[in-house]
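Q: I'd like to learn how to read a protein structure, one feature at a time. Can we go through one together?

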Amino acid sequence: MRRATGVLLIAAICALSGAALAGAAPKHERTALPRPEVALQRALAVFRPQLADPSYRIHGKVDPRGATALLRNLAASVRQLSPADRRLAEAILARPTDSGKGNYTAPKGDFRHKCFTNFCVHWVRSTHDAPSLADKNPKNHTPDWIDKVKSVMSEVWNREVVDFGYGAPKSDGNSGSHRGGNPSPKIDIFVQDVGRQGLYGYCTSDDPRIQVRNDISAYCVFDDDFSKKQFGGAATGLAALKVTAAHEFNHAIQFNYDAFEDLWFLEATATNMEADVYPAIHDNYQYFAASPLSKTNPHRPIDRWSPQDGTQYGSWIFFRFLAEYFTDTTHPIATPPDPAFVHEIWHDAKATPGTIDGGEYSTEAIETFLGAHSEDFPSVFRQFGVANAAPAAWYKDGAQFHSRAGQSYAVNTVDGDTTGSADLGMTHMSNNYWFFKPGAGATTFGVDADFPSAVRSPRGAVVSFDTSGALVAQQEIVLDGDGVGSLAGVTFDGTVGKVIVVVTNASTRFTQCNTVANPPFFSCFGKPRDDSTANGYQLDLSAP
């Protein structure tokens with residue numbers, strides 16, 4: 001689900017299960033799921049807040065893009081609930097056309113739907129769930145907003161399925177009739193005033209096979225107008241409909257690959273899809289503050305899923321980087337990035353059809369993809385760190401980002417004949433930065449690195465900018481097997497505006513997959529092996 005900037009989330013999302021599924025293996029099967037009663041309480045906090053336990057209630061706004069994961073977990077565990085709790089869960093999981101509080105409250109005679117080539121769109125003609133019934137352009141006995149939903153969904157389908165080559169969402173013919181809410185095996189899109197619950201929309205599943213397979217069908221719900229009154233600062237109206245459809249429909253596609261993939265991977269790739277389908281709408285730039293391009297916190301792991309900071313949305317820029325990196329060797333690229341590369345990663349992450357064997361988890365699939373293209377994760381991830389230090393010089397649209405990694409960090413002045421040191425800890429799959437500028441008498445710059453051993457995948461680089469701020473050079477700090485290396489003779493005189501030392505922890509090693517019960521979550525719901533201590537990465541600096 002897409003998430004708006006500055007959202008405070010419910011304590012329910014923080015209070016997860018105490019036990020993961022048994023039989024965890026290096027290859028992921030089902031990721032760690034919350035206990036059934038916890039899954040129910042988390043969903044109640046969003047959809048029936050008056051019924052939620054006080055400890056799970058919302059303190060602030062609902063995550064507008066957070067319902068997909070909540071409902072997925074509830075659907076997977078509904079059969080394990082008590083009879084009374086199961087009835088509550090089934091009411092939450094019901095399609096809007098099903099009877100019950102929270103669904104369409106309009107008389108059934110006001111229910112409408114139209115089925116098109118690949119999908120069906122549902123709406124009502126009365127109550128707050130009704131879209132504007134204006135029928136002017138075109139005048140065709142269908143509300144103009146529904147015409148827009150049809151047009152947008154047709155474009156999204158053509159881009160994601162036809163042009164980009166993703167498999168279509170799985171048929172939902174096994175899901176029942178739902179009082180007219182499932183008139184065909186095509187995916188169903190419901191228009192409903194979910195903005196009153198703080199939601200832009202969501203996709204979820206009522207596939208009866210969810211207990212025994214990871215590839216399942218889905219249906220989606222979109223808000224009925226995306227009004228500025230309800231959503232404020234981010235995209236609203238037609239623009240919000242477009243990026244919501246691109247994002248949420250991509251979740252429906254993902255559910256046919258592996259609905260139980262790592263949460264960060266589901267969200268980051270769906271957020272990246274917004275830019276693939278609608279490159280002129282920059283709504284996902286709002287997530288840069290929680291991304292590797294953050295001005296203040298660029299050092300969070302890209303595979304972090306957290307209800308507090310939303311890194312899972314900001315990590316979309318990593319998949320944008322990969323697409324641009326492999327589209328051309330010259331950067332910024334002149335053409336749109338090729339979405340086939342991210343699709344290839346999803347193909348590697350695909351579950352074994354008809355089973356709960358998830359195959360490779362997110363980070364494994366990324367490494368498989370890189371290996372198939374004669375690359376390795378540490379080298380590519382170091383280059384990712386360099387690109388984020390100078391996005392305008394590297395990304396196709398980087399000049400429009402208005403955010404650089406560590407942009408708010410202090411810039412240290414280094415005079416000639418000066419030495420110094422810098423130490424820090426580094427979390428896995430992250431980059432961090434030191435900024436320096438030449439002072440009196442400085443002519444050259446050197447750095448000696450003492451990082452963890454090669455098995456932990458450290459990397460380093462020095463990036464130089466002229467006085468106009470233009471990127472002029474980047475050089476790798478070559479490390480030996482013990483993580484020791486140096487770089488000397490870097491130009492550091494009056495022609496240099498600043499030098500950035502990029503430090504990389506590219507470790508993708510995890511242990512105890514499917515056992516971590518409380519957020520933040522990382523790849524395979526496991527524990528990172530190589531998050532370093534405060535002085536794990538040591539630098540000695542000199543300007544002789």
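A: Let's start with strands: two strands pair if DSSP finds at least two bridges between them. Helices (H or I, at least four residues) and strands (E, at least two) are DSSP runs, numbered from the N terminus. Keep in mind that this is a predicted model, where local features need pLDDT of at least 70, side-chain atom pairs count only at pLDDT 80 or more, and totals for chains, interfaces and linings use all residues. Residues are numbered from 1 along each chain as its sequence is written, and side-chain values use heavy atoms, with hydrogens and water left out.

Q: In what order do the four strands of the open sheet come?
A: Strands of a sheet pair through backbone hydrogen bonds, either parallel or antiparallel. Here the order is S7-S16-S9-S12, with antiparallel pairing. At the edges sit S7 (418-424) and S12 (484-491), each pairing on one side only.

Q: How many bridges join S9 and S12?
A: Six, linking S9 (residues 444-450) to S12 in the antiparallel sense. Look for Asp450, which stands opposite Val484 in S12.

Q: At what angle do H8 and H10 pack?
A: Two packed helices are described by the angle between their axes and the distance between the axes. Axes are lines fitted to C-alpha atoms, for helices over the stretch in contact, and angles run from 0 to 180 degrees between N-to-C directions. For H8 (residues 263-277) and H10 (residues 316-327), the angle is about 60° and the axes are 7 Å apart. That makes H8 oblique to H10 (under 35 degrees is roughly parallel, over 145 roughly antiparallel, 65 to 115 roughly perpendicular, and the rest oblique).

Q: Which residues of H10 make the contact with H8?
A: Contact means heavy atoms within 4.5 Å. On the H10 side you'll find Trp316, Phe319 and Arg320, while the H8 side includes Trp264, Phe265 and Ala268.

Q: Is Ser77 buried or exposed?
A: Buried means under 20% relative accessible area, exposed over 50%, and partly exposed in between (1.4 Å probe, protein chains only). Ser77 has 4%, so it's buried. You'll spot Ser77 in H3 (residues 67-77). Leaving aside neighbours within four places in sequence, Ser77 touches Pro36, Ala39 and Gln211.

Q: What covers the buried residues of H11?
A: The cover includes H7 (237-258), H8, H10 and H12 (362-372). Among the buried residues of H11 (residues 340-349) are Phe341, Trp346 and Ala349.
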